[in-house]
Amino acid sequence: MPNVRNYRRVGHEQLDAARITGTVRQAIPASAAATFACLEDGEAWPVWLDPVKSVTWTSPKPFGVGTTRDITLGPTRRPAVISEEFYLWEDGVVMGFFFASGALPVFDAFAEEWRVTPTGADSCELEWRYGIDLAGPLKYVSSLAAKRFGRDGQKSLGQLADFMAAHKTEYRPE
């Protein structure tokens with residue numbers, strides 16, 4: 001069993017203060033409400049976000065600030081579980097979380113925010129912001145990691161757009 005460590009607790013400030021920061025935007029062919037409902041669906045994440053193998057909400061609905069969940073990242077032969085805690089939640093609009101603990105020693109701190117903005121009755125823009133500090137000597141390769149996160153993030157949001165085009169009618173807000 002891999003060693004679990006606590007990461008530095010961060011919030012919104014991490015998105016600007018971290019060594020690796022970025023913003024990726026994607027037009028989504030589904031309403032903002034449907035897209036946000038998809039982001040709440042733990043079973044959907046592994047379909048459109050390649051590194052994610054599973055998402056388990058560890059807090060009951062309704063979700064909000066303080067909600068927790070566990071994500072399992074691949075590869076499948078040696079998965080790593082990360083526990084996340086939400087520091088920001090505005091239902092249907094934005095969610096923000098940080099890595100609280102996990103089995104990936106490469107991170108010192110990691111925060112993300114996902115914001116949906118309506119652009120039409122059946123379309124929205126999704127904005128993903130991230131702030132990452134790598135641990136130990138890895139912090140010296142942050143510029144290389146930053147390029148990869150941006151490139152991989154754009155690919156993932158494109159996959160989400162394709163997923164929502166095919167599944168948007170499955171997501172109806174409660």
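# Reading the aromatic cluster and its surroundings

Tyr 7, Trp 45, Trp 48, Phe 99, Phe 107, Phe 110, Trp 114, Trp 128, Tyr 130 and Phe 149 form one aromatic cluster. The model in which they are found is a predicted one.

Q: How many aromatic pairs does a search of the whole structure find?

A: The search returns 20 aromatic pairs. One of them joins Tyr 7 and Phe 107, whose ring centres are 6.4 Å apart and whose planes make an angle of 80 degrees, an edge-to-face arrangement. This pair links distant parts of the chain, 100 residues apart: Tyr 7 belongs to the loop between β1 (5-6) and α1 (14-17), whereas Phe 107 belongs to strand β7 (residues 107-120). Tyr 7 and Phe 107 are both buried.

Q: Why is the pair of Trp 128 and Tyr 130 described as tilted?

A: The angle between ring planes decides the class: under 30 degrees counts as stacked and over 60 as edge-to-face, with the rest being tilted. The planes of Trp 128 and Tyr 130 stand at 35 degrees, with centres 4.5 Å apart, and the pair is therefore tilted. Trp 128 and Tyr 130 are likewise both buried.

Q: Which residue lies over the face of Trp 45?

A: The residue is Arg 69, at 4.7 Å from the ring centre of Trp 45. The charged end of Arg 69 also sits over the ring of Phe 97, at 4.8 Å from its centre.

Q: Which residues of the largest nonpolar core touch the most other members?

A: That core has 44 residues, and Trp 48, Trp 114, Leu 160 and Met 164 touch the most other members. Beyond its neighbours within four places in sequence, Trp 48 is in contact with Cys 38, Leu 39, Trp 114, Ser 156, Leu 157, Gln 159, Leu 160 and Phe 163. Another core lies apart from the largest one; it has 7 residues, among them Leu 15, Tyr 87, Phe 98 and Ala 100.

Q: Is Trp 114 buried or exposed?

A: Burial is judged from relative accessible area, with under 20% counting as buried. Trp 114 has a value of 2% and is therefore buried. Its place is in strand β7. When neighbours within four places in sequence are set aside, the contacts of Trp 114 include Leu 39, Trp 45, Trp 48, Val 93, Met 95, Phe 97, Trp 128 and Leu 157.

Q: What relative accessible area does Arg 115 have?

A: The relative accessible area of Arg 115 is 31%, so Arg 115 is partly exposed. Arg 115 also lies in strand β7. Apart from neighbours within four places in sequence, Arg 115 is in contact with Val 93, Val 94, Glu 125, Leu 126 and Glu 127. Gly 120, another residue of strand β7, counts as partly exposed because its relative accessibility is 35%. In sequence Gly 120 and Ser 31 are 89 residues apart, while in space their C-alpha atoms are 7.3 Å apart.

Q: How many residues of helix α2 are buried?

A: An α-helix has 3.6 residues a turn, so residues three or four places apart point the same way. Helix α2 (residues 32-40) is mostly covered, with 8 of its 9 residues buried. The buried residues include Phe 36, Cys 38, Leu 39 and Glu 40.

Q: Which peptide bond is cis, with omega near 5 degrees?

A: As a rule, most peptide bonds are trans. Here the bond from Lys 61 to Pro 62 is cis, with omega near 5 degrees. Pro 62 lies in the loop between β3 (52-57) and β4. Phe 63 has its place in the loop between β3 and β4 as well, and Phe 63 counts as buried because its relative accessibility is 12%. Leaving out neighbours within four places in sequence, Phe 63 is in contact with Glu 40, Trp 57 and Trp 89.

Q: What is the volume of the largest pocket, and which residues lie nearest its centre?

A: Rolling a probe the size of a water molecule over the atoms shows where empty space is left. The largest pocket has a volume of about 940 Å³. Its lining comprises 34 residues, and Pro 51, Leu 73, Phe 107, Phe 110 and Phe 149 lie nearest its centre. Phe 107, Phe 110 and Phe 149 also belong to the aromatic cluster. At least two lining residues come from each of β4 (68-73), β5 (80-90), β6 (94-102), β7, β8 (123-134) and α4 (142-167). Helix α4 gives the most, with 8 residues.

Terms used. Residues numbered from 1 in each chain as written. Predicted model: local features only at pLDDT ≥ 70, side-chain atom pairs only at ≥ 80, totals over all residues. Heavy atoms only, no water. Core = buried A, V, L, I, M, F, W, Y, C linked by side-chain atoms within 4.5 Å. Buried < 20%, exposed > 50% of the residue type's maximum accessible area, 1.4 Å probe, protein only. Contact = heavy atoms within 4.5 Å. Phe/Tyr/Trp six-rings, centres within 6.5 Å; stacked < 30°, edge-to-face > 60°. Helix = DSSP H or I, 4+ residues; strand = E, 2+ residues; numbered from the N terminus. Lys NZ or Arg CZ within 6 Å of the ring centre and 35° of its normal. 1 Å grid on protein atoms, 1.4 Å probe; cavity = no way out; pocket = protein on both sides within 12 Å on 5 of 7 lines; lining within 4 Å. Points joined across faces, edges and corners; volume = space filled by probe spheres on them.
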